[in-house]
Amino acid sequence: MPSLWKRITFSVASALCLCSVVLLVGALSTERWVIGRILCKTGVDIVNASSPELEQFIGDIYYGLFQGGKTKRCGLGNRRSKIYIFPKLVQTLNGGLHMMVILFLLLAVGFALVSLSFCIYNARKVPYQSIKGHKGLYLWNFIAALFGALGLLCFLAAVKHHRLTERVANYRENFFVLEVLEDTLDWSFWLGVGSIVTHFAVCGMVAMSRIKLPKPEIKKPEEPTISALDLLY
């Protein structure tokens with residue numbers, strides 16, 4: 001049976017692993033990986049709009065790994081539309097890179113669950129094999145953080161080097177050309193970053209579990225001493 005200190009530290013580590021899983025699932029399922037502003041270039045060219053009038057042709061866009069949405073303003077009012085990455089839009093993107101993002105994040109979820117199970121095991125029992133103890137936990141958390149980081153890096157490469165936002169914005173636009181004025185990473189992306197940070201926090205808790213706290217000393221009651229004079233009386 002592990003000591004109280006180990007049970008506390010591994011329980012906190014278990015909560016952090018669970019938090020990592022929740023963050024990754026939230027990142028995968030939400031639509032706010034990127035937000036941006038889009039300019040209807042065709043509408044601007046038709047009316048020869050000047051700088052003060054450009055605001056009437058600027059819309060917005062947001063998307064995640066599976067779906068998103070955009071608001072297009074081309075002089076005909078606001079036109080909102082839903083964006084679905086699968087099954088057709090992904091064919092116009094760098095599909096292999098997009099699938100790698102999803103695959104890496106799913107692998108990160110899997111190894112985070114493995115780490116969670118090992119944390120719970122160490123909170124309840126003292127493992128006989130080192131792979132089930134501290135070394136195993138360091139390994140599983142490192143792998144989970146690595147796959148999470150690879151997924152985020154692949155997504156950054158798609159956004160910055162493969163013009164992901166521009167391709168998503170102009171999908172099925174037959175008459176209008178949309179120009180991306182700016183795009184920034186939103187909170188869904190940072191959920192993935194938070195998941196990576198939690199795995200380093202788990203490693204910190206595992207390291208803290210190896211600290212041996214001093215045991216409180218219990219003073220034994222002093223035995224009364226009997227002298228020769230006491231015996232005379």
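How many bridges join strand β2 to β3, and do the two strands run parallel or antiparallel? In this predicted model, strand β2, which covers residues 58-63, is joined to β3 by 4 bridges, and the two strands run antiparallel.

**The strands around β3**

The chain passes from β2 to β3 through a hairpin of 3 residues, and within this pairing Asp60 has Thr71 of β3 as its bridge partner. Strand β3 itself spans residues 67-73 and is mostly covered, since 5 of its 7 residues are buried. Strand β3 also pairs with strand β4, residues 78-84, again in the antiparallel sense, and this pairing extends over 7 bridges. One of the positions to look at here is Gly69, which stands opposite Lys82 in β4. The hairpin of β3 and β4 has 4 residues between the strands, and in this hairpin Gly75 takes a positive phi near 85 degrees.

**The disulfide**

The structure holds 1 disulfide, which joins Cys40 to Cys74 with a distance of 2.1 Å from S to S. This pair links distant parts of the chain, because Cys40 lies in strand β1 (residues 34-40) whereas Cys74 lies in the loop between β3 and β4, and the two cysteines are 34 residues apart. The link of Cys40 and Cys74 is right-handed, with 105 degrees about the S-S bond.

| Cysteine | Relative accessibility | Class |
|---|---|---|
| Cys40 | 1% | buried |
| Cys74 | 11% | buried |
| Cys154 | 12% | buried |
| Cys19 | 34% | partly exposed |

To follow the reasoning behind the last column, recall that a residue counts as buried under 20% relative accessible area and as exposed over 50%, with partly exposed in between. Cys19, at 34%, is therefore partly exposed, whereas Cys154, at 12%, is buried.

**A glycine in helix α2**

Gly43 lies in helix α2, which is formed by residues 41-47. Is Gly43 buried or exposed? With a relative accessible area of 4%, Gly43 is buried. Gly43 and Gln56 are 13 residues apart along the chain, and their C-alpha atoms are separated by 9.7 Å.

Methods:
Residues numbered from 1 in each chain as written. Predicted model: local features only at pLDDT ≥ 70, side-chain atom pairs only at ≥ 80, totals over all residues. Heavy atoms only, no water. Buried < 20%, exposed > 50% of the residue type's maximum accessible area, 1.4 Å probe, protein only. Pairing = 2+ DSSP bridges. Disulfide = S-S within 2.5 Å.
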